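Welcome! Open your viewer, turn on the cartoon display, and get ready to select a few things as we go.

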Amino acid sequence: MNKSFFRFLQSWWVLFVFLLSSCTEELDLEQSSFIRIYDAADGDISYDPIDVEATQDGYLVLAGTRLNNTDFQGIQLITLTETGDFQGQFTLNEDVVVPTGQLMNINERFYFFGMNRTTLRVIMISVNSDLSDIQTTILGSLAYPLSATQVSNGNMLVQSYDPEDGLTVLSEVQIDGSV
């Protein structure tokens, strides 16, 4: 029994030394992870990330943010470097709410949808990667955006709700805003 016990310890010792030696390799955490904590000067701000898309210079983040005077979420756009460092941000006017869908990269611009807080009409929003050019187009016939996605022909599908008929509607939207 003593001989088998020593063989048992010896095999565990070899395994332990192997595991210990494999843990001595240092990892380049800057390259292997993308965890960042962002703190705003105003502690009352919170962001709910909706989508992240890679750009030529880093990343573009679409986020919802809490607004004080409405139950709808506001829309926040954030740019990050390739390593996740904060670059800049843009908050859309508080009349444009409910960030919907994913960021859709079409012709060097990123598209997503929101809603006018008063009229409840769908708004198509397009931005360039550094947030220097932001354009909005009201899609007058659509209300209450629910979801959106890009289709293979470069157009977008938007699911919305028609409160008059009580039905959901699926519409194909071109980048010029035509439905």
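Before the first stop, one term: two strands count as paired here if DSSP finds at least two bridges between them. Keep in mind, too, that you are looking at a predicted model.

**The whole chain**

Begin with everything selected. The chain contains two helices and eleven strands, and if you follow the sequence, the pattern reads α-α-β-β-β-β-β-β-β-β-β-β-β. Switch to a surface view next: the accessible surface is about 11,600 Å², with 52% of that belonging to carbon and sulfur atoms. Of the 179 residues, 32% count as buried.

Now select residues 145-150, 156-162 and 167-173. Together they form an open sheet in the order E9-E10-E11, with antiparallel pairing.

Show Tyr-161 here, and you will find Thr-168 of E11 standing opposite.

**A hairpin**

Move on to residues 73-81 and 86-91, which are strands E3 and E4. These two run antiparallel and share five bridges. Select Leu-77 and look across to E4, where Phe-90 is its bridge partner. Then go to the turn: four residues lie between the strands, and Gly-84 has a positive phi near 90°.

**Two salt bridges**

Side chains of opposite charge can pair when their charged atoms come close. How many salt bridges are there in this model? The count comes to two.

For one of them, show Arg-117 and Asp-95, whose closest N and O atoms are 3.8 Å apart. Arg-117 sits in the loop between E6 and E7 and Asp-95 in the loop between E4 and E5, so the pair ties together parts 22 residues apart in sequence. Arg-117 is partly exposed at 23% relative accessibility, and Asp-95 is partly exposed at 34%.

For the other, select Arg-109 and Asp-133, which meet at 3.0 Å, N to O. Arg-109 belongs to strand E6 and Asp-133 to the loop between E7 and E8, so this pair links parts 24 residues apart in sequence. Is Arg-109 buried or exposed? Its relative accessibility is 14%, so Arg-109 counts as buried, whereas Asp-133, at 29%, is partly exposed.

Conventions: Residues are numbered from 1 along each chain as its sequence is written. This is a predicted model: local features need pLDDT of at least 70, side-chain atom pairs count only at pLDDT 80 or more; totals for chains, interfaces and linings use all residues. Side-chain values use heavy atoms; hydrogens and water are left out. Buried means under 20% relative accessible area, exposed over 50%, partly exposed in between (1.4 Å probe, protein chains only). Accessible areas come from the Shrake-Rupley method with a 1.4 Å probe; for residues, only the protein chains shown count as cover. A salt bridge is a side-chain nitrogen of Lys or Arg within 4 Å of a carboxyl oxygen of Asp or Glu.
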